[in-house]
Structure formats: structure tokens, C-alpha cells
Amino acid sequence: MKPIIRYGVAATVVLAGTSLAACSSEPDRPRSNKIAVVVVGAKQGFGAEMMDGFTAGAEQVGGVEVRATGTDLVDGPRQVEIFEGLTATHPGGITAFSFTPDMLAPAQAAADKKGIPLIALDTPPSPSSNVELMVANDNVELGRQLAATIAGQLPPTSKGTIVVGTQSPGAQVLDQRAQGIRDEFAKLLPGVTVLGPLDTKQDPGQNLKAWRLLVKANKNALAFLGTGEEAESLVEVRRETKGSWLAGAVTSAPDALLAVKDGDLLTVSAEYRTEGMVAGRLQARYATTGERLPTGWIMVPGLPITEENVNEFLTRDASTTSSNAWSRTMTDTILNDLKKYLRPLPGDS
Amino acid sequence: MMRGWIQRRRLTQAAAIFLIVGLFALGSIALWSFTETTRTAASVRQMNAVSDNWGLVSQSVGLEYETLVDFLKADDEMGRAPLLSAIGSARPVLEWLKQNDDQPALANLDATYETYTTTLWQLVQAQHVNDPDAVNLWAQQAEMASSSLRRQVSSMVSRERLSVDVYLSKVEARNKRARVAASIIGGTDLALALICTFVLLAYQRGIERQADESKHQAAHDNLTGIANRALLNQRVEQALVTATARGGSVGLLLLDLNKFKEVNDTLGHHQGDLLLQTVATRLGEASRDSDTVARLGGDEFAVLLPEVANPAALAAVAQRLLTHLQRPAELDGVTVDVRASIGCSVFPEFSADAGELLQHADIAMYEAKRGRLGTKVYDPNTDSQTTEGLGLLAEFLAALDTNQLILHYQPKVYAATGEIAGVEALVRWQHPRRGLLQPAEFLPAIEESELVVQTAAHILRMAVSQARRWSDAGLDLPVSVNISARCLADLKLPETVGALLAEYGVRPSRLTLEFTEVALTGDPEEVVAQLGRLRAYGVRVSIDDFGTGYSSLSYLGTLPLDEVKIDRSFIAEVTDERSHAIVQAIARLGQAFHWDIVAEGIEDQSTCTAAADAGCTVLQGFAIHDPVPAEDLAAWVAAGARARVTGVHHAQIG
């Protein structure tokens with residue numbers, strides 16, 4: 001190589017190196033064995049399952065102090081407060097499930113600056129949060145699975161209306177499920193019109209009223225589907241109206257499983273416990289061994305529940321031990337073949 | 001020094017390349033920044049447009065809900081009319097958003113709005129058929145759809161605002177990195193620019209210094225450090241202008257070393273250079289500060305005296321210079337006598353300008369050299385003769401080309417038998433105007449010139465070709481040819497001699513090359529080697545004028561010789577007891593070394609007898625025979641050289 005070319009290459013490399021050095025930095029991450037999960041809807045099935053799963057996953061690793069906490073119902077502002085408190089007491093890692101990720105983002109970004117490893121659970125994190133790992137279902141896929149399950153009970157040439165309700169309109173997760181439901185029906189039952197998603201309210205009493213009204217207003221509808229845990233209301237309305245329409249929801253609550261067994265409901269399990277367990281295990285590993293968190297979205301597949309397979313779920317959910325054992329198998333499967341389940345974060349691909 | 005320059009050049013190259021790359025990087029960052037700003041502005045404008053439209057959707061949905069409430073409360077068609085106008089009012093905006101916003105949730109919202117619109121129309125229809133229960137039912141469903149829509153829109157607006165924030169944060173982060181990079185690169189470039197500036201300033205100083213040195217070198221002689229011809233000419237012109245203005249006189253001395261070529265050829269160029277430096281130093285010492293001492297080239301020097309009273313004063317200065325100059329010089333352990341000739345010319349006496357001043361000094365110098373005068377002031381009366389002398393070389397060159405040189409041959413005989421031992425070739429110049437010129441009239445000038453080697457080769461060719469012709473005629477006459485010291489130093493001489501002998505088919509032993517003893521006083525090793533190379537061709541080597549030099553006996557013993565010719569000054573007095581003893585000693589030395597001892601200058605019988613008695617084996621001189629043309633010699637030999645020689649010998653003896 002000629003000297004002049006050598007100098008030119010060297011200059012480019014040095015300047016490029018200088019520029020890159022100026023453009024990148026990696027915060028040092030302190031390690032602590034105190035980890036936590038914070039959810040919304042801790043008293044609701046999905047939140048409780050996430051917390052249980054997280055705790056079990058962390059304990060499977062061992063050597064960590066785990067705190068599982070959250071708001072009873074979906075309460076974004078309160079969740080932010082709890083999260084900020086955890087950044088002081090549990091710097092070993094914090095996993096958060098939120099219906100309002102944008103609201104939580106500043107607190108997450110601040111925690112990231114402190115070097116606390118973060119995981120977003122079930123809901124995509126806001127881009128400004130700097131959270132680089134999400135453990136979640138593919139909610140569009142969950143909606144598709146629910147729609148496919150319902151469509152499997154109807155003739156392909158069906159015509160009529162299917163009503164979709166959501167307890168929290170604007171919540172990304174539930175909106176995505178509604179989107180998946182509509183897309184799948186458009187594919188499988190093109191003669192059907194999907195209404196909604198309509199606001200069916202979070203409060204159980206209001207939710208029941210909402211479904212009663214929708215059933216009355218759309219008496220000829222083929223099916224009524226909730227994007228979240230609305231099985232209780234739907235089943236009650238179906239039973240009191242002795243309706244022949246199909247009811248569907250995304251849940252694996254015990255009452256819902258019994259309703260499936262009775263033929264009053266079709267449902268898809270989001271496997272919140274498994275989501276929590278995967279996150280708990282990863283946080284604990286980081287806290288104890290320094291094993292870095294993967295980057296991207298670990299996709300936990302949902303499971304359709306029908307009359308045919310509902311007994312398996314009933315058996316599984318007969319106790320916390322059996323539920324954890326089920327989820328542990330799934331967690332092992334996912335983490336042992338992480339490449340298969342790891343995707344880019346939504347918006348990063 | 002050189003290494004320093006090279007390193008500095010590399011430093012400059014590296015700094016310049018880094019600087020260029022740095023500037024390119026800065027330019028790239030600036031371009032990127034400009035592009036980024038433009039793109040950011042466009043993106044923000046687009047995002048604002050999207051946000052504005054989401055705001056419009058929110059307004060429309062809210063308006064539709066308010067008109068729904070009014071519809072339900074209204075008692076007449078007029079009160080219900082606004083709802084009819086409001087239904088679907090968000091549709092065009094939603095269509096625009098579908099084209100311009102890539103939020104996935106938009107499809108969901110679009111479907112909900114469709115449900116809302118459908119529900120409202122169902123409500124209107126129920127009102128139209130006056131079915132209050134249905135109206136109430138659809139109103140509640142519409143409220144659920146409206147609630148869903150408003151929350152979705154609120155979420156979308158919030159998400160859009162967040163998108164803008166995130167986008168701007170990213171832009172800000174990128175800009176911050178670019179600023180840091182630009183600062184670092186800019187700082188580096190500044191440092192590199194400073195380095196380049198310093199190096200360039202150093203270059204400039206170096207170039208100026210080099211220019212000064214070049215200017216000095218252009219005006220001065222590299223070897224001696226004194227002025228050269230160009231500077232002398234310049235100073236002469238200045239001096240003449242000044243002298244003309246003041247009515248003064250300018251003197252110019254032109255100096256040429258005597259025998260410098262011999263010093264150069266025999267002692268080597270290094271000693272020659274040392275001699276020139278010594279001369280320059282001495283001239284400087286003997287000159288005034290206002291004078292200019294210059295070397296014109298070779299062994300020619302000049303001294304310019306800007307102010308001189310008259311030619312006599314200049315002559316006195318020249319004599320003083322010559323006296324100071326003509327002292328033995330020690331050249332690396334070798335002592336050399338310095339001899340020179342100085343020509344003087346004066347402006348405005350006889351010399352009207354610089355050219356004439358120089359020319360006249362040259363002529364005077366030639367006169368001084370030719371007449372061995374030491375110094376000579378230009379005399380216009382001798383100018384024509386001198387000019388003639390200067391033309392000698394040109395004429396001689398023509399003489400070589402037109403075969404004006406002829407050889408006469410003087411026989412040498414054995415002292416014991418009187419038989420002819422050989423002949424010595426002696427050159428004559430048959431000048432077309434001046435008649436037959438003897439060697440003394442032209443050879444000294446030739447030996448001082450560059451023609452000497454060419455002339456020797458020419459004479460050798462004539463002698464060897466004559467030997468061939470004699471041989472063809474049945475005469476076996478060895479021929480001797482005199483070779484000058486400068487020709488001995490010519491490394492091609494043996495090759496030239498060998499080629500001539502081969503060309504004419506003459507046996508090498510029939511050619512003897514005679515060198516004067518002075519010619520053999522050069523570098524002993526080179527002399528011995530050169531003589532050895534000549535003898536390797538079979539040529540005989542003779543030392544001429546022996547006794548005039550200062551050769552030591554030990555040095556003499558190392559020389560590969562065949563013959564020694566005792567100088568005629570000894571032979572002329574060989575009848576004296578002292579000279580006889582010297583000749584006898586030389587003869588015995590020759591006998592010991594198996595040399596032929598030649599006594600030249602045999603002018604009479606007594607000299608002949610004394611030389612023979614002293615042990616000289618070969619005799620040469622007018623008493624034996626004059627130098628004669630080849631055909632006369634052939635006739636003499638054909639007439640019975642041996643008997644005649646003996647006869648002449650005996651006749652003169654008798």
C-alpha cells in the first residue's frame with residue numbers, strides 16, 4: 001500500500017474511531033439481588049398470574065429477593081409511583097406490566113440511567129423508556145386464535161354480526177387483539193360484519209350491563225367477544241338469555257374454564273404466568289450471575305381453550321404448584337430455544 | 001538534516017491527509033446536519049399535520065356525541081337535525097389519516113367509527129319509525145362506541161405526541177453526538193492546521209535559506225569558495241561604471257598555474273583540488289578587502305582591483321601576489337612547488353570595456369607564461385604575436401588532421417660493436433607558412449593542452465607504421481618514441497599501444513617507449529602498474545633524461561625498465577672525472593638490473609670514448625648521426641650501416 005493511501009486509511013480510521021467514541025456509551029450496570037415486578041390489575045387474574053409466575057421464575061434461579069406488587073385495578077399513575085419506589089429498593093431488576101406504557105416510560109428511562117435492568121411484560125414499552133426487552137404474547141395472534149376458535153364453531157358461509165368489546169379502549173394490547181379478531185374473521189368468515197370494539201368498561205358491574213345491552217341491541221348477532229377477561233359477564237348474559245350465540249374471551253380464569261367445559265364460552269389463554277416466569281427467571285439470572293438480558297421481544301405463545309382440551313387446563317390450574325409446573329415446562333422450552341421465540345421489539349424491525 | 005526534512009515532509013503529508021479527511025468529515029457532518037434538519041422539519045410538519053387531524057377526529061367524535069345527546073333531548077326535527085349533519089363527519093379526516101399515519105391501531109379505530117356511524121343511523125331510523133325502546137338501545141350502544149372512539153382517539157393523540165417527543169429526543173441525541181464529533185474533529189483539524197502552518201513556515205524558511213545558498217553558490221566557486229566567473233563579470237561591470245564616473249582606473253589580474261595538469265595527473269585530483277584551494281587562500285590573503293578574487297575555471301584565477309593608480313602599480317601588486325603565491329605548498333604530506341603566470345590589464349588604458357579588460361589580461365597572462373616572465377602587463381605591441389600564439393593549438397589540431405607532422409629518426413648504436421641498435425623517433429612540424437618547426441617551438445604548448453594524448457597516439461601510429469614499412473623493406477629497426485608524463489597517466493595508453501602493434505603487425509619488442517624521469521615521479525604504485533601493463537604487451541620501457549630528477553635508488557629498483565638514457569648534461573661532461581664516475585655508477589647499476597644504458601648527446605669522439613669506457617652500452621648523438629627522415633635513414637642503413645657507422649665512428653675518433 002502506498003504511504004499516501006496508508007495515511008489516508010489511517011486518518012479515516014482514527015477520525016471514524018474518534019467520532020464513534022463520541023457517539024456511543026454503555027452505562028455500567030450495578031448488580032443487586034433485589035428484583036421486583038410491578039403490574040396493573042394485581043387483583044385481576046392476569047395481573048396475579050404474572051406476579052406469581054415472576055416470583056416462581058426468580059425462585060427457580062434462587063439467590064434473589066423478590067417483590068411482586070402492583071395496583072389492584074388498571075391504575076397507570078399509581079403504578080408509576082410504585083415503580084419509582086422500586087428503583088430505590090430493588091435495583092437488581094424491575095419488570096413492569098402496564099396498560100399505559102407511555103405514562104411509565106419516563107420512570108423506566110430514569111431507572112435505565114441508573115443501570116437497573118428492565119423488562120416490559122405483556123405490553124410493548126414506549127420507545128422513550130429505553131427498555132430493550134419485552135416478554136409478551138403476540139396479541140394480534142391471540143385475537144386471531146380466538147377468532148379462529150369461534151369461526152370453527154360457525155359455518156363458513158355464515159352471515160350476520162359479531163360484536164367485539166373491550167374493557168380498556170386505546171390500550172394497545174387489547175386493541176391489537178381486536179385487530180387480530182377482525183382480521184381473522186375477514187379471512188375465515190367474509191360474510192360476517194364485526195362491530196366494535198365497543199367500550200364495555202372495566203368495572204365488573206358496568207361490564208355486565210354493557211354486555212347485556214349489546215346482546216339486547218344485537219339480538220341476531222352470531223357471537224360476542226371480549227378482548228380481555230370478560231368471560232364472567234359474557235357467560236352470565238348468555239345463560240340468562242339462554243342465547244345460542246357464541247361467547248369468547250381471552251382468559252384462563254377458573255370460572256372461565258368451567259364455562260368452556262359447559263359449552264358457554266370459548267377462550268384463549270394468554271399464559272400470563274409463563275410470561276411472568278420467563279421475566280422472573282431472566283431478572284434473577286442477571287442479578288445473580290450477571291448474565292445479560294437478551295434484547296428484543298420474547299414471544300410467549302397463547303393457547304386456545306375449547307371443550308376438547310379444557311380438562312387439561314382445569315387440571316393444570318387445580319393448584320399453584322401444577323400451574324407453575326406447566327409454566328416451568330413452557331419457560332424451559334422458550335429459554336432453551338430462545339432464538340426461536342426472540343423477535344425484534346415492535347417498531348425496531 | 002536530510003533525515004529531519006524527510007521526517008518533516010512525512011509529518012506534513014500525514015497532517016495534510018488527516019486534515020483533508022477531517023475537513024471531509026466535518027463537511028459530511030455539516031451535510032448530514034443540514035439533511036437531518038430538513039428531514040426533521042419535514043417529519044415534524046407531517047407529525048403536526050397528523051396530530052392536527054387526530055384533533056379534528058376528536059372534535060368530530062365529540063361533536064357527534066353532543067349532537068346525539070341533543071338529538072335524544074330534542075322535541076322536533078330541527079333539534080334532531082344537527083346529528084344528521086354530524087354523522088360521519090370524521091370520515092374524510094380518517095381517510096386522510098389512513099393515508100398519512102402508519103399507526104396499526106388506526107384500523108381498529110376506523111372499524112369502531114364505522115360501528116358508531118352504523119349505530120347512529122340505526123338510532124335515527126328507530127326515531128324515524130318512532131320506536132323509543134330501539135332509540136334508547138341504539139343510543140346506549142352509540143355511547144359505548146363513542147366512548148371507545150374517544151378513548152382510542154385520546155390514546156392515538158397521546159401516542160402521536162409521544163412519537164413527536166421520541167422522534168425529537170432521537171434527533172436531539174443524534175445532533176448531540178454530531179456536535180461532539182464535530183467538536184472533536186474540528187479541534188483535531190485546528191491542531192493539524194497549526195501543525196501544517198508551522199511546517200509550511202519551516203519550509204518557507206528552508207526554501208529562503210536554500211535560495212540564499214543557491215544564490216551564493218551561483219556566484220561562487222564550489223571548490224574554493226571564492227567568486228566565480230559570473231560574479232567576477234558582475235563586479236568588473238560595477239567597477240568600470242564606478243571608475244568611469246570617478247575618472248579612476250580598474251585593474252584585472254589573470255593568473256594561471258604552471259604545470260598544474262602535471263600535479264593533477266601525477267598526484268591525483270585530490271591534491272590538485274588542494275592546490276587550487278591553497279592558491280585561492282593565498283590570493284585572498286594577499287588581496288585587499290575591496291578586491292575580488294575569483295576562480296574562472298580549471299587552474300585559472302583572477303583578481304579584480306576596483307581602484308588602481310596605473311599599470312605600474314598594478315604590476316607591483318601582481319608581483320607581490322606572485323611572490324606570496326609562489327611558495328611550496330603542503331598537500332596532504334606532499335610538497336609541491338607552486339608556480340604561476342599573471343597577466344595584468346588596466347581600464348581605461350588599452351581596455352575600453354570589461355570584455356577587453358579580460359581579454360587583454362588573458363593575452364598578457366599567455367605572454368607571461370610563454371616567456372616565463374611571472375607577471376606581464378598587457379602591451380598592445382605584443383598583442384599580435386600573442387594572438388598568433390593563441391592560434392597555435394588550432395593550427396596544430398589542423399596539422400594532425402592534414403598530416404603536417406613528420407618524424408625524423410636518430411640512430412642509436414651499440415658501443416661495443418658499432419652496430420645499429422635502433423632509432424629514436426623525433427617529431428617535426430612541416431608548417432605550411434613557417435616551414436619546418438622543431439619540437440621546442442610547439443611541443444611545450446601542446447603538452448600543456450588537451451591535445452597531448454591525441455598527439456602521442458598520432459606519433460606512435462607514425463612510428464609503428466614506419467617500423468612496419470622498414471620491416472617490409474627488410475630492415476629490422478627498433479623504434480623509440482618519447483611519451484609525456486600526462487600520456488603515462490592515461491590508462492588507455494597500453495591498450496592503444498597494443499592495438500597499434502597488432503594493427504601493423506610489429507613485434508612489441510621492436511618498440512621502446514621513453515619516459516622522462518620527471519614523468520615517473522607521480523604516484524609510485526600507479527606508475528609501476530602502468531609500466532607493468534605496457535611491458536605486459538612486450539613493449540620495452542626506457543627512462544629518459546635520467547639524472548635530472550630525484551628518483552631514489554629504491555624507487556628506481558621497483559620500476560619495470562629495459563633501458564636508461566643518461567641525461568645529456570652528464571654525458572657532455574663525461575670526460576671529467578666526477579661526471580665519469582657518476583655515469584660509471586649508473587652504468588653499473590644498469591648492469592646489475594640488466595638495463596641497457598644509453599648515452600645520449602654524443603657530440604664528439606672523446607665523449608664517445610669516455611661514455612663507452614664508463615660502461616654505456618648504447619650511444620646516440622650527432623657524432624653518430626643526425627636525426628634524418630625515414631627514407632634517408634633507410635638509405636644510410638642500406639648503404640651498410642654497420643660499416644659506415646663504424647667508419648663514422650672511427651673517422652670521428654680518428
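# A walk through chains B and A

Select the open sheet of chain B, where 5 strands line up in the order E2-E3-E1-E6-E7 with mixed pairing; helices (H or I, at least four residues) and strands (E, at least two) are DSSP runs numbered from the N terminus, and two strands pair if DSSP finds at least two bridges between them. This is a predicted model, in which local features need pLDDT of at least 70 and side-chain atom pairs count only at pLDDT 80 or more, while totals for chains, interfaces and linings use all residues. To find your way, note that residues are numbered from 1 along each chain as its sequence is written, with chains lettered from A and ligands numbered from 1 in the order in which they are written.

**The sheet of chain B**

Colour strand E2 (292-297) and strand E7 (375-377) of chain B: these are the edge strands, each pairing on one side only. From one strand to the next, the twist averages 20 degrees; axes are lines fitted to C-alpha atoms, for helices over the stretch in contact, and angles run from 0 to 180 degrees between N-to-C directions.

Contact here has a simple cut-off: the C-beta atoms of two residues, placed from the backbone, lie within 7 Å.

Zoom in on strand E6 (residues 340-347) of chain B, which pairs with E7(B) in the parallel sense over 3 bridges. B:Gly343 has B:Lys376 in E7(B) as its bridge partner.

Select B:Phe347 and B:Pro348, which are joined by a cis peptide bond with omega about 10 degrees. B:Pro348 sits in the loop between E6 and helix H10 (354-370) of chain B. Most residues other than glycine have a negative phi, and most peptide bonds are trans.

Next, pick B:Lys259, in the loop between E1 and helix H7 (260-267) of chain B. Phi of B:Lys259 is positive, near 60 degrees. B:Lys259 counts as partly exposed because it has 19 C-beta neighbours inside 10 Å; 20 or more other C-beta atoms within 10 Å make a residue buried, 12 or fewer make it exposed, and partly exposed lies in between, with C-beta atoms placed from the backbone.

Then go to B:Asp545, in strand E13 (residues 540-546) of chain B. B:Asp545 also has a positive phi, of about 55 degrees, but counts as buried, with 20 C-beta neighbours inside 10 Å.

**Where the chains meet**

Show both chains: 37 residues of chain B are in contact with 33 residues of chain A. On the chain B side, helix H1 (2-73), helix H4 (105-128) and helix H5 (132-219) each supply at least two residues. H5(B) gives the most, with 23 residues.

**The sheet of chain A**

Move over to chain A, with its 13 helices and 13 strands. Of its 349 residues, 53% count as buried. Select the open sheet of 7 strands in the order E2-E1-E3-E4-E5-E11-E13 (chain A), again with mixed pairing. Strand E2 (65-71) and strand E13 (342-343) of chain A each have a single partner strand, so one side of each is left without a neighbour in the sheet.

Look at strand E4 (residues 118-121) and strand E5 (residues 133-136) of chain A, a parallel pair over 2 bridges. Here A:Ala120 stands opposite A:Met134 in E5(A). Helix H3 (residues 76-89) of chain A packs on the sheet, touching strand E1 (34-40), E2 and E3 of chain A, and its direction makes about 180 degrees with that of E1(A).

**An enclosed strand**

Which strand of chain A is largely enclosed by the rest of the structure? Strand E9 (residues 246-250) of chain A is, because 5 of its 5 residues are buried. A:Leu246, A:Gly248 and A:Val250 point one way, A:Ala247 and A:Ala249 the other.

A:Phe224 stands opposite A:Ala247. The chain crosses from E8(A) through helix H8 (residues 231-241) of chain A to E9(A) in a right-handed β-α-β crossover; that is, with the strands pointing away from the viewer, the path from the first strand over the helix to the second runs clockwise.

**Last stop**

Finally, colour chain A by pLDDT, the predictor's confidence in each residue from 0 to 100. The average is 89, and 91% of the residues score at least 70. Helix H1 (residues 3-23) of chain A has the lowest mean, 48, and strand E3 (residues 93-96) of chain A the highest, 97.
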